Amino acid sequence: MAKINVKQLPISERPYEKCLKYGASSLSDAELMAVIIKAGTKKENSIQLASKVLSRIPGGKISGLFQMSAVQLMDIDGIGKVKAIQLLCLTEITKRMMSASYSDELFVCDNPEKIALRFMHEMRFEETEQVRVLLLNGRNALIKDVVLSNGSFNSAMASPREIFYNALKNKAVSIIVMHNHPSGNPMPSKEDILITKRLIEAGKLIGIELLDHIILGDNRYISLKESGYAF
């Protein structure tokens with residue numbers, strides 16, 4: 001496709017003018033990204049370059065940026081260090097804005113859907129399984145969330161010793177365990193269920209109840225307690 005300077009486009013198709021007239025929600029993914037990267041290359045305008053980036057990231061959607069590193073972005077012709085940094089900062093701003101809507105100090109873990117929404121944006125795009133334990137007080141309010149491991153949810157990564165050590169150290173009354181499935185499918189494996197049962201029994205002995213085990217997928221989740229898999 002031959003390069004067409006953005007200024008040569010009809011005013012209604014220029015991202016800046018379109019945003020001012022109709023709002024940012026009117027922009028396509030490529031147009032939004034074009035505004036961030038600002039300039040194209042000698043061969044492509046910013047919209048064409050943005051479209052190429054979208055075609056190279058996971059899923060071909062702008063959300064795929066969450067899975068990209070600076071090195072991976074710079075492997076795309078036309079994306080140098082500055083543009084890669086701009087795009088990475090965009091994803092980080094998005095994460096922080098979503099996190100800012102929750103106050104950990106006041107966050108009460110009384111509903112699996114609410115918990116899943118709180119952590120979905122942080123964990124759904126991880127390339128490996130990440131195990132977290134949510135440490136709760138007597139009102140089920142979040143004291144602290146601890147990332148235990150990045151790798152896979154197995155008996156080594158989700159060791160009762162490690163989990164309950166953190167719970168005791170932070171004087172937690174109860175806990176919720178959470179991990180993600182990079183495949184996007186949150187259905188529990190046999191090992192997920194077996195480890196959950198093991199943690200339930202360990203919690204009974206120590207006196208710190210495991211309230212739930214939540215598995216996050218791509219915009220989906222499963223509560224093992226709600227689903228009756230292990231509780």
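User: What should I know about the model before I start?

Analyst: It's predicted, so local features need pLDDT of at least 70 and side-chain atom pairs count only at pLDDT 80 or more, while totals for chains, interfaces and linings use all residues. Residues are numbered from 1 along each chain as its sequence is written, and side-chain values use heavy atoms, with hydrogens and water left out.

User: How do I read a sheet, and in what order do the strands stand here?

Analyst: Strands of a sheet pair through backbone hydrogen bonds, either parallel or antiparallel. Strands (E, at least two residues) and helices (H or I, at least four) are DSSP runs numbered from the N terminus, and two strands pair if DSSP finds at least two bridges between them. Here five strands make an open sheet, ordered β2-β1-β3-β4-β5, with mixed pairing. β2 and β5 (221-223) are at the edges with a single partner strand each, so one side of each has no neighbour in the sheet.

User: Which way do the partners of β3 run?

Analyst: β1 pairs with β3 in the antiparallel sense over six bridges, and V133 has V177 as its bridge partner in β3. β4 pairs with β3 in the parallel sense, over seven bridges; there, I176 stands opposite D212. Between β3 and β4 the chain passes through α8, a right-handed β-α-β crossover. Right-handed means that, with the strands pointing away from the viewer, the path from the first strand over the helix to the second runs clockwise.

User: Is β3 buried or exposed, and where do its side chains point?

Analyst: In a regular strand the side chains alternate between the two faces of the sheet. In β3, S174, I176, M178 and N180 point one way, and I175, V177 and H179 the other. Seven of the seven residues are buried, so β3 is largely enclosed by the rest of the structure. Buried means under 20% relative accessible area, exposed over 50%, and partly exposed in between (1.4 Å probe, protein chains only).

User: What about the largest nonpolar core?

Analyst: In soluble globular proteins, nonpolar side chains tend to be buried together. A nonpolar core is a set of buried Ala, Val, Leu, Ile, Met, Phe, Trp, Tyr and Cys residues joined through side-chain atoms within 4.5 Å. The largest one here has 23 residues, and V133, L135, I163, F164, I175 and L199 touch the most other members. α8 gives the most to this core, five residues. Apart from it there's another core, of 17 residues, among them A34, V53, L54 and L87.
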